[in-house]
Amino acid sequence: MNQRPILKNKLYLYMTEFFSGVAVMAVELGASRLLAPYFSSSQIVWTIIIGTIMIAMALGNLYGGRTADRDPNPDRLYRRILIAAVWIALIPVVGKYVILAVSAALIFTVSTNFLIIAAFAACMILFVYPLFLLGTVTPSLVKYTTDSLEDNGRIVGNMEAFNTVGSILGTFLPTFVTIPAVGTSVTFLLFSGILLALGLAYFLSSRSHRRSCAAALIAVVLCAVFGHRDSFAFWEDDLLYEGESVYNYLQVKETEDSVILSTNVLFGVQSVRQKDGGLTGMYYDTALAAPLMAGIQDKDTFDILILGMGSGTYAAQCQEFFGGREDLRLTIEGVEIDQDITDLARAYFALPEEVSVSTYDGRAYLQAVDKQYDVILVDAYQDITIPFQMSTVEFFTLVRDHLKPGGIMAVNMNMHSDGEGSINAHLCDTISSVFDAVYTADVPHTTNRELFAWNDADALTALSGGTDALTRADLRQNLEDVAQRLTPYTAGDLLLTDDRAPVELLGIQVIDSLIQDEVSYYRDLYEREGLQGVVESLL
């Protein structure tokens, strides 16, 4: 075996094992954040990431063990580490373009499970090879550190311990430190730099492979220059804000008459504020029926709770349309798990200071407080990322128990989904098992559907009478239209429980349908005129 001087120091070998463990988990966490703006951060996407990474590591372990036995030259291992460092540094430079290219290629050929297939293909292209290379580290290092059979158990145990501790550090650092502080791209570059340093230290200590070291260093530096400023939505040039929190990718942009918050790239708008106030043309306008259903015009105190506060659009609307009465004490509270979204709401969306927001999970908040409310809006569902714990019988029972007599629960179901076994059928059946009356209203020109549920309220009469008494013509017309769209729901037996709530698998069926509807024109055009016809239609 070609024994380099640096390998006489066992600590260096342990550090190689430690930092390779750090890098593997950092890349895994970075992968989730790189994919989330395009494919969501659902359990399905996490499963794909973990599965592909485990495939890569298993293949790396096999290859590393065999090559270490056949050719026990540590130069080969540290060359692989250098290559992995360069590849990981390239991810922030080309990763977003690879994801979009894969999506564009598959969208014309895949009819079902598009997000699953596209996310899997992107993972295979971007992450399998560098993690395959890092998978070779442990079996190779065992070969170089084991001096005899007498101590091989201790050596292997030490190696595994160093790798595990590194993996723990690589799990916490990206989530709680680097991604919130400097973003996903720089996170990839930081951990690429660690691997680069390991490889450079090895080769420079023996003054060998200087050209390879120089090439790797130049490549990583170039990636650092060109990769750390690239936007997830790189085609946007007028963003007010783009950043990342512990939970979300965050994007704020401004149009002539509105400010918009998105927590992903491909699935549209999560919150909007009209600069001049008034109606938004979104589901918030439909949800404004809830206060009237709960009899706000006949009460002198009224409490509203919003689970999934977002940028505070609904809170601002309720305050604007119902908070002007001098004889009414209107209290609006919000729960938002992402503090960064609340900060953006204050900075860009004019969320009033008197609207209190708790940084908490919605269900956990209900379990922690005993206050009751006139209206509870559940607005915590994003694309296919539906928190299962906020979709079950147990959750909706908690909501019911926190409503005052005559109280109304409103739920924004953000995907039109009909038919036997659909996600909305599951949600509506589940809610119907808890509430006596359940009505839904599709939101025009959107994919949203609003649900209203109550037990001991004469909600429809209150809505009709309250609408007639409204002085603002725009609100009155809007709620008269909502009343026309309200449809009673006939319950089935598709219940979601804490034990079984396959919301993401159900949701992805809807996403497939929405994607196919959106691209059907371009697919037909592609079949008639080929790629050139599609490109010309977009220009």
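Helix 1 and helix 3 come out roughly parallel to each other, because an angle under 35 degrees counts as roughly parallel, over 145 as roughly antiparallel, 65 to 115 as roughly perpendicular and the rest as oblique. I note that this is a predicted model, where local features need pLDDT of at least 70, side-chain atom pairs count only at pLDDT 80 or more, and totals for chains, interfaces and linings use all residues. Numbering starts from 1 along each chain as its sequence is written, and side-chain values use heavy atoms, with hydrogens and water left out.

**Entry 1: helices 1 and 3.** I looked up the pair: helix 1 (residues 10–39) packs on helix 3 at about 0°, with the axes 11 Å apart. Helices here are DSSP runs (H or I, at least four residues), numbered from the N terminus. Axes are lines fitted to C-alpha atoms over the stretch in contact, and angles run from 0 to 180 degrees between N-to-C directions. I then listed contacts (heavy atoms within 4.5 Å). The helix 1 side includes Tyr 12, Leu 13, Thr 16 and Phe 39, and the helix 3 side includes Tyr 78, Ile 81, Lys 96 and Ser 103. By class I get 13 nonpolar, three polar and one charged. Nonpolar covers Ala, Val, Leu, Ile, Met, Phe, Trp, Tyr, Cys and Pro; charged covers Asp, Glu, Lys and Arg; the others, Gly among them, are polar.

**Entry 2: helices 5 and 6.** Helix 5 (residues 128–135) meets helix 6 (residues 137–145) at about 20°, axes 5 Å apart. That makes this pair roughly parallel too. Leu 133, Leu 134 and Gly 135 of helix 5 touch Val 137, Thr 138 and Pro 139 of helix 6. I find four nonpolar, two polar and no charged residues there.

**Entry 3: cores.** A nonpolar core is a set of buried Ala, Val, Leu, Ile, Met, Phe, Trp, Tyr and Cys residues joined through side-chain atoms within 4.5 Å. The largest has 64 residues, and Phe 39, Tyr 78, Phe 127 and Leu 195 touch the most other members. Helix 3 (residues 74–107) gives the largest share, 15 residues. Another core, of 45 residues, lies apart from it and includes Met 282 and Leu 475.

**Entry 4: Thr 430.** I placed Thr 430 in helix 16 (residues 423–432). Is Thr 430 buried or exposed? At 0% relative accessibility it is buried (under 20% relative accessible area; exposed is over 50%, partly exposed in between; 1.4 Å probe, protein chains only). Ser 391 is 39 residues away in sequence, yet 8.0 Å away C-alpha to C-alpha. Beyond four places in sequence, Thr 430 contacts Ser 391, Phe 396 and Leu 494, among others.

Notes
Helix = DSSP H or I, 4+ residues; strand = E, 2+ residues; numbered from the N terminus.
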